[in-house]
Structure formats: C-alpha cells, structure tokens
Amino acid sequence: MTVAAPDPREVREASLDELSRLGLPLPPAQFPLVWEPGDRIELRPTAEIEARIAVLHLILARCFGMPPQAAMSWLLGSHLVEMVTPPEWQFVMGGKGDHRSFVLHHDALFALAWVLGLSKQLDPTLAVDERLVERLPHIAEGESFPHWRSRILTAPQHPADAAALLDLHYCLDWAYLETERDGRRAPGLVDANAIGQRRWALEWAVILRGPYHDEPPGWEEVDLST
C-alpha cells in the first residue's frame, strides 16, 4: 500500500518535541528531512520483512552457540538461503565477522517486529520486550519459516506511522551519539548502538518514493552516515 507521506515538517516537529521530552540535545536547524512534501511512502512486502526477521533471528542463534551445520539445515529447510547477505553468510557458516555487531541486530529485529505488529511498542527508553521471543521462529525446536508464518498474526503498521517513527529514530540517532560524545547518560535503558540498529531496520522497512529517493536499498546498503 503506497500512500502520501505526511507533512515532513509536522513530523519533524513532533520528533523534536519527543527529544526535548527525553532531555536530549536537538539536531542543528539544517538537519535534513527524511522525505520531502509530495513524496509517497510504503512498507516493504510483509513476506520480505518476515524473511529478514527470520534470518536475523537465526544469526542471533548462531551468536549464542547454534552449530553452523544446524543453521545451514534450517535455512535450507525454510528456503531462506537467498535472503542471507554475504557478510551474514560468512558469519553463519564460518563465524567470520564482528560477533558483537551481529549480536546488536537484536534491536533491529525488535524494530522489524514492531513494523509487523508483533510488538506493541518501540520506546527509545525501553529495552527489547522479552516476550518477543515467543513470537519469533522456534528455531531450536525445528520450527520452519513457513510454519512460523502460519502461526503468527501480523498486523503491519500504517506506512505513515512507520515513517514518523523513522524520522524520530533519525533524530534520536544523532542525539544519542551526541550525548555519548559529551559523556552524558542516555535517558533510558538503551544506548546509541541500539538506537542505530532500530533506525537501520526502519530505514530498510520504510520505502520512500519521490524525485530525490533512490531505489530501496538492500539490507547491507542502508546508509546511516547522516
């Protein structure tokens, strides 16, 4: 479902109000908008988001001791091999890469779960909902991707709501990094890494259409540099 994007300035004002409520620094006046007036927005297809959730969940299982052959078997049985990115593949099969960075994907997975309505909140002051694991594939018990999809009841967010949360996390990402640089404490239970991971997921899941937007990026192509 492609819809008209909400007024980016109104959304940004709400984001800045939330930063002020949290006691966080505000980005400079020239801080870019995420989209422009007249742009359109949509979410990635539900099946694609479900596949990304499943792959991230498998990677976390590898982080915490799942053997590579068991991981490979699960991917094959779930027909998800093609959804694994090259860096993820190297980690799943050979343990190569930054283990800590893959563990951090826990928060990206949390944000994607919110996009599909599997989690009710994505509060920047709260850690990942511990109950979320029950709504994810039971990989250790051999539950396949198709079986998991048939078990859960997704209720994707409205694209405008997801876009508004993307704008908020765009601002939060800057504010949390600035807070850490100044040696101050974050206002809640998560740090700048967690906020960055949540933003990563939202940048990937929310598709922006307009004259200044490129084609939707792949998972590894999401740009968090600005």
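# Around histidine 105

Colleague: Is histidine 105 buried or exposed?
Modeller: The relative accessible area of histidine 105 is 5%. Under 20% means buried, over 50% exposed, and in between partly exposed (1.4 Å probe, protein chains only). Histidine 105 therefore counts as buried.

Colleague: From which number are residues counted along each chain?
Modeller: This is a predicted model, in which local features need pLDDT of at least 70, side-chain atom pairs count only at pLDDT 80 or more, and totals for chains, interfaces and linings use all residues. Side-chain values use heavy atoms, with hydrogens and water left out, and residues along each chain are numbered, as its sequence is written, from 1.

Colleague: In which helix is histidine 105 found, and how many residues of that helix are buried?
Modeller: Histidine 105 is found in helix H6, where helices (H or I, at least four residues) and strands (E, at least two) are DSSP runs numbered from the N terminus. H6 covers residues 105-115 and is largely enclosed by the rest of the structure. Its buried residues include Phe110, Trp114 and Val115. So for helix H6 the count is 10 of the 11 residues.

Colleague: Which tryptophan residues does histidine 105 touch?
Modeller: Contact means heavy atoms within 4.5 Å. Leaving out residues up to four places away in sequence, histidine 105 touches Leu56 and Gln197, and also Trp200 and Trp219.

Colleague: At what angle do H2 and H6 pack?
Modeller: Ile49, Arg52 and Ile53 of H2 are among the residues that make the contact, with Ala108, Leu109 and Leu112 among those of H6. The axes, lines fitted to C-alpha atoms over the stretch in contact, have angles from 0 to 180 degrees between N-to-C directions. H2 and H6 are roughly antiparallel, a term for angles over 145 degrees. Their axes are 10 Å apart, and the angle is about 155 degrees.

Colleague: How far apart are the axes of H8 and H9?
Modeller: Leu172 and Tyr176 in H8 are among the residues that meet H9, where Ile195 and Leu202 are among the partners. H8 and H9 pack at an angle of about 155 degrees, with an axis separation of 9 Å.

Colleague: Which residue in S2 stands opposite valine 3?
Modeller: S1 and S2 (residues 40-43) pair over 2 bridges. Alanine 4 has arginine 40 as its bridge partner. Opposite valine 3 stands isoleucine 41.

Note on methods
Two strands pair if DSSP finds at least two bridges between them. Angles under 35 degrees count as roughly parallel, over 145 as roughly antiparallel, 65 to 115 as roughly perpendicular and the rest as oblique.
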